[in-house]
Amino acid sequence: MDQMTVGVLAKRANVSVRTLQYYNNIGLLKPSSFSAGGRRLYSANDMTILHQIITLKNLGLSLDEIRARLIPIDTNQDIKKMLLKQAELIKGQMIKATKVLESIEMIAAEIDAKNAVDWSKYSSMMQLIKEDNESFWVMNYLDKDMLENIAHVHGHYSEAELPTDWLVKCMKKATELLDAGLAPDSAEAQALAAEMWSIIEKYTHGQPEMMQRLYVFFQGAKEWPHQYAKMQKTTDKFLESSLLQYIKGRSAVAVTLGYNL
């Protein structure tokens with residue numbers, strides 16, 4: 001492909017000359033060379049970079065984000081690398097869109113059940129999705145009092161260590177311990193139980209009623225998104241046994257949670 005003037009490139013890429021001039025001014029896409037008369041000339045490689053910019057812009061990235069993601073295109077492998085990077089971005093957007101859909105469906109179900117909608121809860125879920133926090137759905141399963149306790153601990157709802165975020169980490173660790181053949185009374189399992197109990201006390205402020213609510217939340221996993229419900233089913237008995245071992249001797253707490261020690 002011969003070198004192109006700004007007008008030719010604009011026409012072939014279906015963008016305005018003004019857009020190309022702006023990209024040049026901010027250093028995002030500069031011409032490869034100039035004609036004898038000083039006209040800007042663009043190469044085939046420049047056009048490939050422009051296609052990158054257009055694609056990333058269509059994916060919702062800012063120009064600063066695009067600048068950081070642009071890949072030099074010199075070989076076919078460079079093109080392949082660029083395409084795979086774009087595929088990763090698209091997959092990420094699809095995952096985020098799925099989360100938004102799930103949150104909308106949760107709120108719609110809540111309206112059917114309660115004939116009301118908690119816009120504050122919905123707003124918090126959207127903020128968590130924006131922050132790529134996979135625990136956004138927890139907002140729909142904890143009651144207002146529990147959420148207020150969490151907010152008091154962290155100052156806001158979008159802390160990375162939301163209950164399910166922490167619980168998912170514990171379930172993953174429990175899975176590792178199970179795979180290693182360790183028992184609930186092993187040192188590793190008891191260390192995990194100590195961590196769990198510390199978080200439970202932090203979020204409930206040690207209030208028996210709030211402990212019970214959090215326990216009910218954990219046991220209601222069949223209502224959670226499938227991947228977390230499956231994880232909870234696999235690790236529930238192990239984690240519960242580990243906690244029982246840890247709180248043994250703390251009869252008042254055990255009775256509060258409905259255990260018979």
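## Strands, cores and salt bridges in a predicted model

Phe 34 stands opposite Arg 40 in strand S3. The structure is a predicted model, in which local features need pLDDT of at least 70 and side-chain atom pairs count only at pLDDT 80 or more, while totals for chains, interfaces and linings use all residues. Residues are numbered from 1 along each chain as its sequence is written, and side-chain values use heavy atoms, with hydrogens and water left out.

**The sheet.** Helices (H or I, at least four residues) and strands (E, at least two) are DSSP runs, numbered from the N terminus. Strand S3 covers residues 40–42 and is joined to S2 by two bridges, the two strands running antiparallel. Two strands are said to pair if DSSP finds at least two bridges between them. The open sheet has three strands in the order S1-S3-S2, with antiparallel pairing. Its edge strands, S1 (4–5) and S2 (33–34), each pair on one side only. In general, strands of a sheet pair through backbone hydrogen bonds, either parallel or antiparallel.

**The nonpolar cores.** A nonpolar core is a set of buried Ala, Val, Leu, Ile, Met, Phe, Trp, Tyr and Cys residues joined through side-chain atoms within 4.5 Å. Here buried means under 20% relative accessible area, exposed means over 50%, and partly exposed lies in between (1.4 Å probe, protein chains only). The largest core has 33 residues, of which Leu 142, Trp 166, Met 171, Ile 200, Leu 214, Phe 218 and Trp 224 touch the most other members. At least two residues of this core come from each of the helices H7 (144–154), H8 (163–179), H9 (187–204), H10 (208–219) and H11 (226–247). Helix H9 supplies the largest share, eight residues. A second, separate core contains 19 residues, including Val 6, Leu 9, Leu 50 and Leu 56. In soluble globular proteins, nonpolar side chains tend to be buried together.

**The salt bridges.** A salt bridge is a side-chain nitrogen of Lys or Arg within 4 Å of a carboxyl oxygen of Asp or Glu. By this rule there are two salt bridges.

| Salt bridge | N to O distance |
|---|---|
| Glu 176 and Lys 173 | 3.8 Å |
| Arg 213 and Glu 209 | 2.6 Å |

Glu 176 and Lys 173 are separated by about one helical turn, because they are three residues apart in helix H8. Glu 176 is partly exposed at 48% relative accessibility, and Lys 173 is partly exposed at 36%. Arg 213 and Glu 209 both lie in helix H10, four residues apart, about one turn of the helix. Arg 213 is partly exposed, with 25% relative accessibility.
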